[in-house]
Amino acid sequence: MAEAAAEIVREIAAVGAADLAAAAEPLRADCLRLARKVSLLSHLVAEVAEAGEGGAAGAAWVRELVRALEAARRFVALGRAPPPPSSTAGASDQVICNNTDFQFKYVIWQLQAALTNLPHSCFQISDEVQEEVDLVRAQLRREMEKKGALDANLLSKVHDILARVDNAGSQSQPHGQPEVSQMENLSKDHLELQHIVLLASEINGLSKSDMAKITSELVKGLGDIESLDSPKPVNVGSQASDETKCSPEEVKKPDSVTIPEDFRCPISLELMRDPVIVSTGQTYERAFIQRWIDCGNRTCPKTQQKLQNLTLTPNYVLRSLIMQWCEEKGIEPPSRSKSDGSSLEVGGDRLAIEALVRNLSSSSLDERKSAAAEIRSLAKKSTDNRILLAESSAIPALVKLLSSKDLKTQEHAVTALLNLSIYDQNKELIVVAGAIVPIIQVLRTGSMEARENAAAAIFSLSLIDDNKIMIGSTPGAIEALVELLQSGSSRGRKDAATALFNLCIYQANKVRAVRAGILAPLIRMLQDSSRNGAIDEALTILSVLVSHHECKTAISKAHAIPFLIDLLRSGQARNKENAAAILLALCKKDAENLACIGRLGAQIPLTELAKTGTDRAKRKATSLLEHLSKLQVL
């Protein structure tokens, strides 16, 4: 199976623009982007093939990966197929575009799910390949964000059912398939779901004949109130007739009708009125998740994953299911909350915000400073404020104030931009407004607090991959961060370290950082036990740098090896693990470095680490000991 995955990756990676010349936009662009992302998985499938299928869990994951890659291959084939005859074009073009758009999102979701489920314990995945996998996952996540969110719960259920059908094959009709009359009723009530299942079935290579069964099973999984997932199921068949006319408030009572878990908001546990999807794919009631975000939370309440953006996308499919369920149970459908946390709710403040933005360009320094300070505060408070401020053209005016000779005005402006950048869509607006160069100037010459917040702003903007390239190639950017890392305040050094780590994920920035002198402060940080986290920050950055050949040589010349070995002896568990990983990278195909760690007595702490360290530490220590053993034999 792993060889099959490698073959599919090679086939997709070979697809170029010429192969897709006949495809219409956006299908052509989607196919090209998908091919580029899949091509980055070539090293992963090679290492998996080399390691074997890793037991039952590993084999199951390889099947999941192959299924996702096959779906990707079918999607790319859509772009290579000849265009339909001109007689069929016209109104149907939009339908075809919508269909391929959903299938692209489903393929992206499948690949992202497969990579997220990668069982590291089954395969010896190298750090370099893991970095590539993380990059592809980040790119897939961004692709989903650009295309618009989908309900992860719905996609997961569709995927699981399709996988079971695929694994079972089509040798026999399953028992308990719905009668034809039932399927006719189903198709009338669930046209949208049926369409989704049809498109997902096509891209997964399943027969259309399975569609009705899959749709039926999906609807049952999402809407059957007597399913195993529903708490305290009750028999509602014999309820009195007046009970079917209860209000939405009465619906929520446990002694009335049991609400399906998928229809409840995970925060309020109540029937959702206006379900929205967050960036992790989870669905919540709009008012409750908006309140959660406005309180400063940046994680998904259910999964605890970091929210990549704060966009709330209406979940029309789930709302349709909730409405239908209410109708079937004779319950009044819940109406949308009038106060949904959207920008309309704070429309009364728009005039005040626009007045503040105008004051940013006032001829009075005090007015400019006061307006920047107030916008800084507003941008910190809520997503709605960040959106309104951006819509009111605050960003270009703030960028101009970064060049102010008044240091306090400069500090307010850069901090306001940092707070605005929390909302992902503002990141692009900030970069387009030409903020990078003046932010770097503040980083070099501003007050210490302004420099700290400038470094934090660079980190926030660099969360977008394209910005890593732009910031890294801007003259003086990495040098200014290295200077702050070397001589800044405690918080400034931490902000600089975080920004540098994120920028150095991009290969070219690793060399830039080393040439800017990053290794000297990193070596000092390895010896700094007085500041919490300094050693951890230094090791994290070194672990990224060491994957580049030029940086690896520079780290060796900077005499980092003795300090890394000291950490093997006396560091915390996480630091020992990272130190061992860096030493292994330094010693791979480098007999001189290997002999050096042998002379410095690394064998004893490595032997101890191989017995008592974390799983990753044990692997790295064992590998290093094997290399040392081979060197002694030679």
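Which residues in H30 meet Asn-593, Leu-594 and Ile-597 in H31? They are Leu-583, Leu-586 and Cys-587, where a contact means heavy atoms within 4.5 Å. Before we look around, a word on the model: it is predicted, local features need pLDDT of at least 70, side-chain atom pairs count only at pLDDT 80 or more, and totals for chains, interfaces and linings use all residues. Residues are numbered from 1 along each chain as its sequence is written, and side-chain values use heavy atoms, with hydrogens and water left out.

**The whole protein**

The secondary structure comes to 33 helices and 3 strands; helices (H or I, at least four residues) and strands (E, at least two) are DSSP runs, numbered from the N terminus. Of the 634 residues, 49% are buried, that is, under 20% relative accessible area with a 1.4 Å probe, counting protein chains only. Among contacts between residues at least 6 apart in sequence, 71% join residues at least 24 apart.

**H30 and H31**

Back to our opening pair: the axes of H30 (residues 573-587) and H31 (residues 591-599) come within 7 Å and cross at roughly 135 degrees. That makes H30 oblique to H31. Axes here are lines fitted to C-alpha atoms, for helices over the stretch in contact, and angles run from 0 to 180 degrees between N-to-C directions. Angles under 35 degrees count as roughly parallel, over 145 as roughly antiparallel, 65 to 115 as roughly perpendicular and the rest as oblique. By class, this contact has 5 nonpolar, 1 polar and no charged residues.

**The sheet**

The strands form an open sheet in the order S2-S1-S3, with antiparallel pairing; two strands pair if DSSP finds at least two bridges between them. S2 and S3 are the edge strands, each pairing on one side only.

| Strand | Residues |
|---|---|
| S1 | 275-277 |
| S2 | 283-285 |
| S3 | 313-314 |

S1 is joined to S2 by 3 bridges, and Val-276 has Tyr-284 in S2 as its bridge partner. Helix H12 (residues 286-294) packs on the sheet and touches S1, S2 and S3, its direction making about 95 degrees with that of S2.

**An enclosed helix**

Helix H26 (residues 519-526) is largely enclosed by the rest of the structure, because 6 of its 8 residues are buried. Those buried residues are Leu-519, Pro-521, Leu-522, Ile-523, Met-525 and Leu-526. They pack against several helices, including H23 (477-487), H25 (507-515) and H27 (534-545).

Technical notes
Ala, Val, Leu, Ile, Met, Phe, Trp, Tyr, Cys and Pro count as nonpolar, Asp, Glu, Lys and Arg as charged, and the others, Gly among them, as polar. Buried means under 20% relative accessible area, exposed over 50%, partly exposed in between (1.4 Å probe, protein chains only).
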